Amino acid sequence: MRHGQVRRPNGALLLWVLLAVLLGAVVLSFGTGPLKLPPGDVLQAISARFGLADPQSVSARDMGVIWQLRIPRALLGALVGASLAMAGVALQGLFGNPLADPGIVGVSQGAALGAVAAIVLGAGALGVWLIPLAAFAGGAGATTLIYLLARPGRGEGTATLLLVGIAIGAGCSAAVGFLTYIASESELQSLVFWQMGSLAQASWSDVVTVAPVFVIGLLALIRLATALDMLALGERQARHIGLDVARTRLLLVAFSALLVGAAVAFAGSVSFVGLVVPHLVRMMAGPGHRWLLPLSGVAGALLIVVADTAARTLDPPSEIPLGLFSAALGAPFFLWLVLRKRGKGQA
């Protein structure tokens, strides 16, 4: 190894390690909560459902808690975390800015506005897909507007992106506030969920409904890994080596908004996952998107599963909103990144 060269772990090895840790965290989350279940009982309940153990060895209560509450919640949390983290990687590549994050630059607020509008205006009664579609439309609109106003190559750097994102996020938040003001009492109870972020309402129907959307978005972004590496060279250089920049930008906007919209529609506003996770993974595995995207997805899933497990166990029987955990982790990390970039003269 040459002097000054950073030696990074093998991407495949790191992926397997993160997957093993994620699997352990998911299994532990099945037994963790106001009703604590030993790992042996959890494995017995899972085995009994697949016919590998005697169903009579597990109580109906434990089976109900594990299979109807905790397993769909953990699966939905993993999908949400993976989507937000990979969308963060895609947005950072799209904007050419490592501080881009769905929650910071207004994409999550746009998605939340779409979802809240669908709830308050009664569109949610028209079908289970309408709220996620409205969240996708809001996220796509916010992403497109931000890109047009703060696209790479204009020379303003981080400050312009953050200011544009703050302005759009504030406008979306104001619209959400107005919709909250005119909402009925029953709608207000639902809107608290969107504003604070939570997986408390997770169900198997949610997982089955949203899983195809997540899978499509995640696979699409992984296929764009090479294009993101080419964009990192600059748009002009990317064109010279054969990349269709306009088409790539459109795909990145569409699939990032799809993932953020689906995550917001089913988990509410959970911020900073798309900022913290890609940075930590980039420190371990380097900037190449071939490994950065899948590793960020697994690490994001791990972060949300662990945070949600803590949210429902620290103050039983009450539940701390998931968004508070992500904000408490992300806010100081974001401040550290800004100060670090300013110290290098990059802001």
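**Questions on a helical chain**

The accessible surface of the chain in this predicted model comes to about 16,300 Å², and 66% of that surface belongs to carbon and sulfur atoms.

Student: How many helices and how many strands does the chain have?

Tutor: Read along the sequence, the pattern of the chain is α-α-α-α-α-α-α-α-α-α-α-α-α-α. The secondary structure therefore comes, by runs of at least four residues for helices and at least two for strands, to the counts you asked for. These are 14 helices and 0 strands.

Student: What share of the residues of the chain counts as buried?

Tutor: A residue is called buried when its relative accessible area is under 20%. The chain has 347 residues, and the share of them that counts as buried is 50%.

Student: Is Trp67 buried or exposed?

Tutor: Trp67 lies in helix H3, which covers residues 60–95. Its relative accessible area is 9%, and since the cut-off for buried is under 20%, the word for Trp67 is buried.

Student: Which class of aromatic pair do the rings of Trp67 and Trp204 form, and why?

Tutor: The count of aromatic pairs comes to 1. The ring centres of Trp67 and Trp204 are 6.4 Å apart and their planes stand at 20°; planes under 30 degrees apart fall in one class, so this pair is stacked. Because Trp67 belongs to helix H3 and Trp204 to helix H8 (residues 204–223), the pair ties together parts that are 137 residues apart in sequence. Trp204 counts as partly exposed at 30% relative accessibility, and the class of the pair is stacked.

Student: How many of the 23 residues of H13 are buried?

Tutor: Helix H13 runs over residues 289–311, and its end C-alpha atoms are 31 Å apart, which agrees with the 33 Å that its residues should span at 1.5 Å a residue. H13 is mostly covered, and the number of its residues that are buried is 19.

Student: With which residue does the side chain of His289 make a polar contact?

Tutor: His289 has its place in helix H13, and at 8% relative accessibility it counts as buried. Leaving aside residues up to four places away in sequence, His289 touches Val89, Ala225, Leu228, Asp229 and Pro294. The polar contact, at 2.8 Å, joins the side chain of His289 to the side chain of Asp229.

Student: What distance does helix H5 reach from its first C-alpha to its last?

Tutor: Helix H5 (residues 130–150) has 21 residues, and its buried residues include Ile131, Gly138, Thr143 and Tyr147. At 1.5 Å a residue the expected value is 30 Å, and the reach of H5 is close to that, at 30 Å.

How values were computed
Residues are numbered from 1 along each chain as its sequence is written. This is a predicted model: local features need pLDDT of at least 70, side-chain atom pairs count only at pLDDT 80 or more; totals for chains, interfaces and linings use all residues. Side-chain values use heavy atoms; hydrogens and water are left out. The expected span of a helix is 1.5 Å times one less than its number of residues. Buried means under 20% relative accessible area, exposed over 50%, partly exposed in between (1.4 Å probe, protein chains only). Rings of Phe, Tyr and Trp (its six-membered ring) pair if their centres lie within 6.5 Å; planes under 30 degrees apart count as stacked, over 60 as edge-to-face and the rest as tilted. Accessible areas come from the Shrake-Rupley method with a 1.4 Å probe; for residues, only the protein chains shown count as cover. A polar contact is a pair of N or O atoms within 3.5 Å; within protein, one must be able to donate a hydrogen and the other to accept it, and residues adjacent in sequence count only if both atoms are side-chain atoms. Contact means heavy atoms within 4.5 Å.
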